[in-house]
Amino acid sequence: MAGNGSRKNNFIMQAGILAAAGIISRMIGLLYKSPLMNIIGETGMGYYSAAYNYYTIVLLIASYSIPSAISKVIAQKLGVKEYRNAHRIFLCAIGYVLAVGTAASLFLYFGAGLFVAKEAIPVLRVFAPTVFVYGVLGVLRGYFQAHKSMAQTSVSQILEQIANVVVSLLMARFLIISQLGSLAVPEDAAGRVEHAVKGAMGSAVGTGAGVVAGLVFMGGIYGLNYGYFQRKIKKDRHQEVDSYKTILKMIVAVVTPFILSTAVYNLNVSLNSWLYTKLLPAIREVDGEALHANYGVFSGMSVTISNIPIAFSSAMAAAMLPYVSQLLAAKKIEEARDKIGAAVKSTMMISIPSAVGLFVLAKPVTLLLFPTRGDEVVDMAAKLLMTLAFSVVLYALSTLNSTILQGLGRVNAPIYNAGAALLVQTAVTVPLLLFTQLGIYSLAIASTVFSGTMCLLNQRSVRKAIGYRQEITKSFAVPCAASVLMGMAAWAVYEGVLMLVKSPRIAVFPAVIVGAAVYFAMVLLFRGLTESELKGFPKGYLLVKLAKRCRLL
């Protein structure tokens with residue numbers, strides 16, 4: 001199995017592999033949103049997003065945190081070469097998620113009316129079985145991540161997204177045509193709602209199909225590596241074998257804080273959805289269909305675009321967790337600090353320019369990815385994306401620090417911090433919705449407030465937990481300075497090319513290329529990265545060769 005060589009044990013390299021897969025899968029998911037919206041419309045996307053948010057919360061509680069939790073527990077056993085106990089944890093975790101996933105799926109199906117508007121109830125019920133399937137997929141991914149091998153998870157993510165895209169589009173078309181006879185949006189209000197609901201249900205079927213595809217792949221990979229795992233178990237010389245009862249107690253003890261932390265951390269999305277789509281219409285007179293359409297633009301377009309660069313921090317967190325857990329188990333505190341510093345620096349090197357790029361090129365990027373949307377919709381999505389841009393950095397850092405705290409054993413700290421951030425953002429969101437005319441923009445502001453509060457609290461908790469202070473100049477100041485210059489160059493190139501070709505979709509390409517080149521050059525000129533650090537990135541040797549050829553190193 002991959003993951004044993006020194007190159008493979010470089011956690012930044014592993015994070016790069018996982019990040020590349022995450023970005024590819026998110027780009028695939030983003031690109032299909034435009035044809036999906038052509039089929040189901042903004043209102044259908046609003047119903048889908050509202051149901052998806054609550055599906056995500058139940059998934060978080062039941063299964064989503066499993067990969068991280070299992071990765072941490074198994075990595076600790078592998079760190080002391082207890083291969084037999086590591087595999088027993090894996091088997092016990094499978095039984096755990098099957099039981100919890102069944103209960104969660106039933107709860108989501110029969111309790112759908114408690115969470116969403118009546119139009120979105122059928123959509124949420126379609127999501128319900130996916131919770132059951134995802135748990136097993138999560139355990140398999142966590143098992144390979146604990147072995148410091150991210151390639152399997154990476155490929156499964158891409159396959160999952162491809163299956164999701166294909167089935168979503170086909171099923172959305174099929175359900176609408178079978179119910180209404182054609183894809184044309186009816187003139188009457190009831191017909192428009194039916195069109196949107198059936199389309200959203202079809203897209204929800206695609207989500208489940210994607211998870212099944214990922215599970216089939218991971219199951220096959222486990223089967224191929226079964227002999228490798230058994231050979232490791234036979235080499236295990238530890239006499240003490242943990243009972244399944246002991247292991248189950250340990251899994252519950254570790255998984256529960258992970259679940260609570262992740263659930264509270266992501267609860268703001270569902271809470272904001274509820275405040276906007278259910279509380280606001282109950283207090284103020286608003287157009288319900290327009291409300292869901294605006295929410296569809298926000299969640300289906302702006303948030304989806306802003307989530308792409310956050311994939312790197314999520315990958316970095318997943319890759320770093322087993323390393324930090326093993327280092328702490330071996331009482332190598334200084335090495336753990338070094339890993340944390342490298343992870344934060346790498347994440348900021350990606351997140352900060354991404355945020356600046358999204359802010360500067362918000363409208364052309366939106367036009368490029370959603371070419372069939374009307375001018376009013378594109379303008380709204382672009383403005384929302386600009387409002388969300390800064391939250392990209394805050395979410396990236398807070399996500400990474402939450403995982404660092406979990407790896408350090410401070411599993412309750414992210415729960416308290418997320419709870420406090422949730423209270424702060426709610427105190428901001430409710431007045432904005434009720435007493436201003438900001439409408440959907442209130443949710444974008446709320447996301448930035450939540451991520452900013454979470455970022456500050458998590459950073460303080462990490463500092464207290466391990467006596468760690470992040471280096472500032474190369475991790476934050478250099479990326480910020482380079483990103484400002486990058487943003488200026490990208491904007492100038494975009495405007496210049498736009499005057500020549502009169503097409504925002506064409507002008508954005510040279511702007512992005514020039515911006516990336518300027519950022520790369522400025523980071524090296526400002527001495528933000530050393531040659532050895534640059535080699536740690538995927539294709540790092542090629543980057544070093546390019547930098548030396550350009551006399552930047």
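Let's start at one residue: V497 touches K502, A507 and P510, leaving out residues up to four places away in sequence. V497 itself sits in helix α15. The model you are looking at is predicted, and its secondary structure comes to 18 helices and 0 strands.

**Around V497 and K502**

- K502, one of the contacts of V497, belongs to the loop between α15 and α16 (504–525).
- Is K502 buried or exposed? K502 is exposed, because its relative accessible area is 65%, and the cut-off for exposed is over 50%.
- The backbone of K502 has a phi near 60°, which is a positive value in a residue other than glycine.

**Another loop residue with positive phi**

- R527 is found in the loop between α16 and α17 (531–535).
- For R527 too, phi is near 60°, a positive value in a residue that is not glycine.
- R527 counts as exposed, since its relative accessibility is 53%.

**The protein as a whole**

- The protein has 553 residues, and 55% of them count as buried.
- The average pLDDT of the protein is 82, and 89% of the residues score at least 70.
- Residues 2–9 have a pLDDT below 50, and in the model this stretch makes 15 contacts beyond near neighbours in sequence.
- Where pLDDT is low, the predicted coordinates should not be read in detail.

**The nonpolar cores**

- In soluble globular proteins, nonpolar side chains tend to be buried together.
- The largest nonpolar core here has 131 residues, and those touching the most other members are I74, F90, L124, I251, Y276, F298 and I440.
- Helix α12 gives the most to this core, namely 16 residues.
- Which residues does F298 meet, leaving aside neighbours within four places in sequence? F298 is in contact with V303, L384, L388, I440, L443, A444 and S447.
- There is also a second, separate core of 13 residues, with A482, M486, M522 and L552 among them.

**An enclosed helix**

- Helix α11 covers residues 362–369, and because 6 of its 8 residues are buried, α11 is largely enclosed by the rest of the structure.
- The buried residues in α11 are A362, P364, V365, T366, L367 and L369.

**The second largest pocket**

- This pocket has a volume of about 440 Å³.
- Its lining is made of 23 residues, and V393, L394, L397, C455 and F476 lie nearest the centre of the pocket.
- Which helices each supply at least two residues of the lining? They are α10 (333–360), α12 (375–407), α14 (441–466) and α15 (473–501).
- The largest share of the lining, 6 residues, comes from α14.
- Sorted by class, the lining has 17 nonpolar, 4 polar and 2 charged residues.

- C455 lies in helix α14.
- C455 counts as buried because its relative accessibility is 9%, where buried means under 20%.
- Leaving aside neighbours within four places in sequence, C455 is in contact with L394, L397 and S398. Of these, L394 and L397 are also listed with C455 among the lining residues nearest the pocket centre.
- S402 is 53 residues away from C455 along the chain, and their C-alpha atoms are separated by 9.0 Å.

**D242, a buried residue in a loop**

- D242 is located in the loop between α7 (226–235) and α8 (244–283).
- Is D242 buried or exposed? D242 is buried, as its relative accessible area is 12%.
- Beyond neighbours within four places in sequence, D242 contacts K77, N85, R88 and I247.

Key. Residues are numbered from 1 along each chain as its sequence is written. This is a predicted model: local features need pLDDT of at least 70, side-chain atom pairs count only at pLDDT 80 or more; totals for chains, interfaces and linings use all residues. Side-chain values use heavy atoms; hydrogens and water are left out. On a 1 Å grid over the protein atoms alone, a cavity is a set of points where a 1.4 Å probe fits but cannot get out, and a pocket is an open set with protein on both sides within 12 Å along at least five of seven lines; lining residues have an atom within 4 Å of a point. Grid points are joined across faces, edges and corners, and a volume is the space filled by probe spheres set on the points. Helices (H or I, at least four residues) and strands (E, at least two) are DSSP runs, numbered from the N terminus. Ala, Val, Leu, Ile, Met, Phe, Trp, Tyr, Cys and Pro count as nonpolar, Asp, Glu, Lys and Arg as charged, and the others, Gly among them, as polar. A nonpolar core is a set of buried Ala, Val, Leu, Ile, Met, Phe, Trp, Tyr and Cys residues joined through side-chain atoms within 4.5 Å. Buried means under 20% relative accessible area, exposed over 50%, partly exposed in between (1.4 Å probe, protein chains only). Contact means heavy atoms within 4.5 Å. pLDDT is the predictor's confidence in each residue, from 0 to 100.
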